[in-house]
Amino acid sequence: MRVLNWLGNTQAEPTSGLWMDDLNPATSQVIAQIPRSDANDVQAAVDSAREGARIWGSTPAQVRADTLRRIADGIDMELNDLARLESTDQGKPVSLARAIDIPRASANMRFFASALEQEVHQSSKHVSARGAALNYTSRKPIGVVGLITPWNLPLYLLTWKVGPALAMGNAIVAKPSELTPLTADALGRICKESGLPAGVFNLVHGLGPEVGQAIVEHPEIKAISFTGGTATGRRVAATAAPMFKKLNLELGCKNATLVFEDADLDEAVAGAVMAGFSNQGEICLCGSRLLVQAGIYEDFVQRYVERVAALRVGDPASPDTQVGALNSLAHRDKVEGYLRLAVEEGGQILCGGKRPDLPAPFDRGAFLQPAVIADLPIGCRTATEEIFGPVVTVHPFSDEEQALEMANGTQYGLSASVWTQDLKRAHRVSEALDVGMVWVNTWLLRDLRVPFGGVKNSGVGREGGAWSMRFYSEDKNVCVLL
Ligand code: NAP
């Protein structure tokens with residue numbers, strides 16, 4: 001299978017004539033070939049998007065909203081196929097893709113269709129304080145926007161940007177990770193079948209330093225929404241900032257799960273397992289540092305490790321599988337490097353961390369048993385650097401003050417979850433955590449209206465609801481003398 005670029009509603013081969021293999025990380029088999037595009041293909045996408053932006057920017061809001069809903073319907077109609085494609089490309093259990101990734105992709109489109117119809121973000125009018133003039137402020141599309149996304153939640157995160165960008169009347173030049181291009185390609189087809197005008201959705205496959213960099217550098221692309229690692233985000237910011245582009249950066253993480261002595265332990269154990277290992281620990285919101293109050297530490301860790309060791313690792317297509325393959329063999333090498341480092345740093349691996357014994361063809365896949373590591377100093381590299389895999393470090397704390405010091409002690413600040421039945425403590429700790437998002441007695445319970453994003457090296461700006469609508473538009477104020 002050869003995947004092509006989408007230039008508006010037509011498909012195009014890369015001008016370089018070069019192709020790359022796309023692998024199934026569960027078997028290491030080649031499942032597709034994708035274009036190794038370059039700056040010429042990005043230029044072709046911008047040429048297409050320029051015309052798309054002109055048409056789409058002046059399309060009535062209701063027509064745009066209806067089109068977004070048809071795209072959502074198209075995604076829903078292909079739920080099973082898209083889930084299979086996402087699982088094969090990414091390594092995640094197909095059950096997870098069917099339950100979370102794909103339904104969330106259509107929900108993203110529907111949510112921003114409704115947000116657009118509400119018009120609360122569209123315009124506002126008021127008579128000036130002096131009473132002699134009328135001011136009105138309207139929202140204008142930016143024009144052509146660049147969307148760059150990672151491999152962990154491919155369609156989920158792409159549509160989280162495509163939805164509001166289209167709702168606000170922009171044309172898109174998108175680049176998915178070259179490791180997970182398949183559902184982005186399917187989205188291009190669904191957009192076309194849903195009646196999105198030519199030129200509005202453009203997708204260029206290829207490598208980050210070649211295609212991603214060309215998108216960020218292109219002078220006609222006025223806004224960049226990027227989700228990925230902190231090091232790449234720094235590079236994107238360094239390129240885009242001097243060009244005065246609008247920038248939204250959703251970056252790396254090392255989130256803490258804080259469990260206090262008064263927590264409901266059954267719920268906390270179950271929640272911490274989910275937070276640690278959903279999607280093989282490859283979600284930016286995963287809780288990879290588990291901080292447990294000393295009085296319950298031993299009991300909690302014992303129960304936690306039992307649950308983690310029982311997670312079923314294997315064929316992502318099997319409905320019983322809870323942990324699929326990591327996204328690539330190279331990524332597994334990186335995670336295994338951290339497991340070796342953990343031992344050097346004094347850590348004790350309480351469970352997992354080994355390659356499971358799986359039958360062919362999965363013996364060639366990027367599988368790893370979920371690992372829990374204890375006895376590490378909280379400031380060591382394993383406990384502070386992003387691993388982004390099925391690895392959780394556990395640490396005891398004595399009191400609230402120490403828990404906060406430990407939780408806040410990294411360069412990252414994306415999210416945290418707090419487990420306690422003390423209402424005042426829940427508020428106090430949430431307030432003091434240096435992160436963009438806190439869950440109390442739950443994890444990853446999402447409401448698309450609320451701000452999503454991090455502080456410190458986890459990013460700049462917010463996505464979600466009004467924040468996304470604002471990012472993908474420019475306010476214009478008109479003052480009329482009465
Ligand atoms: P990555 O290596 O930073 O890549 C992200 C995207 O940027 C990919 O499409 C990549 O293309 C592209 N890219 C690479 N170099 C570029 C450049 N110079 N200019 C423009 N684009 C470039 O991240 P990843 O390994 O795919 O994803 C994992 C990271 O994403 C983790 O750090 C995770 O925490 C983070 N993440 C954050 C959030 C959040 O909301 N905060 C959500 C999900 C993931 P290639 O794939 O071709 O290199």
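I began with the elements around the ligand, and I noted that α7 (208-217), β10 (221-227) and α8 (230-240) each supply at least two residues of its shell, where helices (H or I, at least four residues) and strands (E, at least two) are DSSP runs numbered from the N terminus. Among the elements, α7 gives the most to this shell, with 4 residues.

The model is predicted, so I kept in mind that local features need pLDDT of at least 70 and side-chain atom pairs pLDDT 80 or more, while totals for chains, interfaces and linings use all residues. Residues are numbered from 1 along each chain as its sequence is written, and side-chain values use heavy atoms, with hydrogens and water left out.

Which residues come nearest to the ligand? I found T149, E178, T232, L251 and E386, out of 32 residues around the ligand, a residue being near if one of its heavy atoms lies within 4 Å. By class I read 15 nonpolar, 12 polar and 5 charged residues in the shell, with Ala, Val, Leu, Ile, Met, Phe, Trp, Tyr, Cys and Pro counted as nonpolar, Asp, Glu, Lys and Arg as charged, and the others, Gly among them, as polar.

I then looked up polar contacts (pairs of N or O atoms within 3.5 Å). A side-chain N or O atom of K175 is 3.0 Å from an oxygen atom of the ligand, and a polar side-chain atom of Q213 lies 3.0 Å from a ligand nitrogen atom. At G228 I noted a backbone N or O atom 3.4 Å from an oxygen atom of the ligand. Taken alone the ligand exposes 900 Å², of which the protein buries 89%, by the Shrake-Rupley method with a 1.4 Å probe.

Last, I turned to the backbone. F244, in the loop between α8 and β11 (246-250), has a positive phi of about 55° although it is not a glycine. The peptide bond from A360 to P361 is cis, with omega near 5°, and P361 lies in the loop between β14 (348-351) and β15 (371-374).

Notes:
Polar contact = N/O pair within 3.5 Å; in protein donor to acceptor, adjacent residues only side chain to side chain.
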